[in-house]
Amino acid sequence: MPRPKGSKNKKTTTVAAPVIENIDQISEKIASVEAEIAAIGEQLKAKKDELKTLVKAKAKADKAAAKQKAKEEAEAAAKKAEEDKAKLLEAFQASGKSVEELVAYLKGE
């Protein structure tokens, strides 16, 4: 699509930083910026230390939660095994067969 008549490639003007003519003012500005950078650096170190502590605490909590879950699963498995054992004993008693007959049945004789 052609450009409309009369349009030109115009350069945009940029806003330049204010010119500080005094060398003392420039030195003061540099010192203040360096002080800000130092303060931000200290804050960064503090935040990194805090992050490291939180990551360690999270890892410890995850490990403890996994250990608790494994313990609960083991308890549930043991409880289920006991229930199955009790059901087998009840079924054996209800069948009226002797121990020898049951052993022979299990061996496939």
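Which residue forms a salt bridge with Asp62, and how far apart are the closest N and O atoms? The partner is Lys58, and the closest N and O atoms are 3.0 Å apart. The legends below place this pair in its setting.

The model is predicted: local features need pLDDT of at least 70, side-chain atom pairs count only at pLDDT 80 or more, and totals for chains, interfaces and linings use all residues. Residues are numbered from 1 along each chain as its sequence is written, and side-chain values use heavy atoms, with hydrogens and water left out.

**Figure 1. Overview of the protein chain.** The secondary structure consists of two helices and zero strands; helices (H or I, at least four residues) and strands (E, at least two) are DSSP runs, numbered from the N terminus. Of the 109 residues, 0% count as buried, where buried means under 20% relative accessible area, exposed over 50%, and partly exposed in between (1.4 Å probe, protein chains only). The accessible surface comes to about 10900 Å², with 60% belonging to carbon and sulfur atoms; accessible areas come from the Shrake-Rupley method with a 1.4 Å probe, and for residues only the protein chains shown count as cover.

**Figure 2. Helix α1 and its two ends.** The end C-alpha atoms of α1 are 106 Å apart, which agrees with the 108 Å that its 73 residues should span at 1.5 Å a residue; the expected span is 1.5 Å times one less than the number of residues. At the start of α1, a side-chain oxygen of Asn22 reaches to within 3.2 Å of the backbone nitrogen of Asp24. After α1 comes Gly96, with a positive phi near 80 degrees.

Figure 3. The structure holds three salt bridges, each defined as a side-chain nitrogen of Lys or Arg within 4 Å of a carboxyl oxygen of Asp or Glu. Lys58 and Asp62 are four residues apart in helix α1, and therefore separated by about one helical turn. Lys58 is exposed, with a relative accessible area of 54%, whereas Asp62 is partly exposed at 42%.

**Figure 4. The salt bridge between Lys47 and Glu50.** The side chains of Lys47 and Glu50 meet at 3.7 Å, N to O. Both residues lie in helix α1 (residues 23-95), three residues apart, about one turn of the helix. Lys47 counts as exposed at 56% relative accessibility, and Glu50 as partly exposed at 41%.

**Figure 5. The salt bridge between Lys80 and Asp84.** Here the N to O distance is 3.6 Å. Lys80 and Asp84 are four residues apart in helix α1, about one helical turn. Asp84 is partly exposed, its relative accessible area being 34%.

**Figure 6. Helix α2 and the ring of Tyr105.** Helix α2 (residues 99-107) is hardly covered, the count of buried residues among its nine residues being zero. Lys97 lies over the face of Tyr105, at 5.4 Å from the ring centre; a charge sits over a ring if NZ of Lys or CZ of Arg is within 6 Å of the ring centre and within 35 degrees of the ring normal. Gly108 follows α2 and has a positive phi, near 90 degrees.

Key: A polar contact is a pair of N or O atoms within 3.5 Å; within protein, one must be able to donate a hydrogen and the other to accept it, and residues adjacent in sequence count only if both atoms are side-chain atoms.
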